[in-house]
Amino acid sequence: MGNAPLNSVPRHVAVIMDGNGRWAEGRGLPRKAGHRAGAESVREAVDACLEQGIEFLTLYAFSSENWNRPQKEINALMKLLEQFLKTKGKEFHKKNVRLKTIGRTHLLPESCRKELAKVIDETSSNTKLTVILALSYGSREEITDATRCIAEKAARGELDPDQIEKETIAKHLDTSEFPDPDFLIRTSGELRLSNFLLWQLSYSEIFITEKNWPDFRKSDFHEALEIYSRRRRRFGRV
Ligand code: IPE
Ligand code: IPE
Ligand code: MG
């Protein structure tokens with residue numbers, strides 16, 4: 001096991017990083033401490049991807065629905081994101097990692113948007129791994145925005161409704177420049193997608209672990225990849 005190269009490595013791994021709050025509550029700590037601990041798991045997931053030659057890693061960091069949490073928790077999460085970008089941005093660059101985002105990031109506080117823009121710009125020519133942060137992201141919101149954009153183009157006569165294909169939809173999603181995830185990992189045991197990449201996950205292999213995100217370390221990531229390598233993907237064929 002460990003870091004040995006696998007037979008079949010996914011090109012794109014997506015992760016629902018769940019269970020930070022439960023991790024903290026189990027230790028009698030504030031939820032914020034769980035989010036802080038979760039940042040270390042992000043670093044390890046990135047390293048695992050670099051070791052296995054994975055090209056894309058999408059991390060669900062803040063959902064559209066997460067805006068409904070208490071303001072205090074939202075503030076703590078935004079502060080952590082800002083700190084994460086300030087400290088990890090340089091590290092990403094050194095490791096030849098490119099940062100991208102999906103989601104309605106214009107809704108994030110100005111200080112976060114500024115740090116995001118900085119790291120995205122600084123890492124834009126990096127080639128080893130693309131880390132895509134899903135921030136203020138909701139799949140239904142994304143599909144709604146894409147539909148509006150397509151309808152506007154049709155109304156202006158730039159697009160013939162008869163010519164709308166699944167590729168047209170895919171091209172209008174936030175993920176247009178990335179391949180679909182091959183593998184979805186969800187931590188902390190919930191058996192749901194929570195509005196994450198509903199279109200893009202159509203044929204992804206799914207792995208759900210009981211471990212909370214702060215406990216999901218590099219060796220767990222490698223083990224999950226090992227499980228992926230034994231899956232048989234059929235795509236509707238026999
Ligand atoms: C995931 O952990 C992080 C975010 C959703 C921002 P949670 O905060 O959802 O932790 P649990 O699920 O309550 O344990
Ligand atoms: C999904 O986790 C969103 C992120 C990991 C950012 P949630 O904790 O928000 O999902 P639910 O509420 O359990 O479905
Ligand atoms: Mg949760």
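Visitor: What makes Glu-25 and Arg-31 a salt bridge?

Guide: Their closest N and O atoms are 3.1 Å apart. A salt bridge needs a side-chain nitrogen of Lys or Arg within 4 Å of a carboxyl oxygen of Asp or Glu, so the pair qualifies. This is a predicted model: local features need pLDDT of at least 70, side-chain atom pairs count only at pLDDT 80 or more, and totals for chains, interfaces and linings use all residues. Side-chain values use heavy atoms, without hydrogens and water, and residues are numbered from 1 along each chain as its sequence is written.

Visitor: Why is Glu-25 called partly exposed?

Guide: Its relative accessible area is 46%. Buried means under 20%, exposed over 50%, and partly exposed in between (1.4 Å probe, protein chains only), so Glu-25 falls in the middle class. Arg-31, at 29%, is partly exposed.

Visitor: How do you know that Asp-18 forms a salt bridge with Arg-186?

Guide: The closest N and O atoms are 2.9 Å apart. Asp-18 lies in the loop between E1 and helix H1 (20-25) and Arg-186 in strand E5, so the pair ties together parts 168 residues apart in sequence. Helices (H or I, at least four residues) and strands (E, at least two) are DSSP runs, numbered from the N terminus. Asp-18 is buried, and so is Arg-186.

Visitor: What makes strands E1 and E5 a pair?

Guide: Four bridges join E1 (residues 12-16) to E5 (residues 183-186), which run parallel. DSSP must find at least two bridges, so the strands pair. Val-13 stands opposite Phe-183 in E5.

Technical notes. Chains are lettered from A and ligands numbered from 1 in the order in which they are written.
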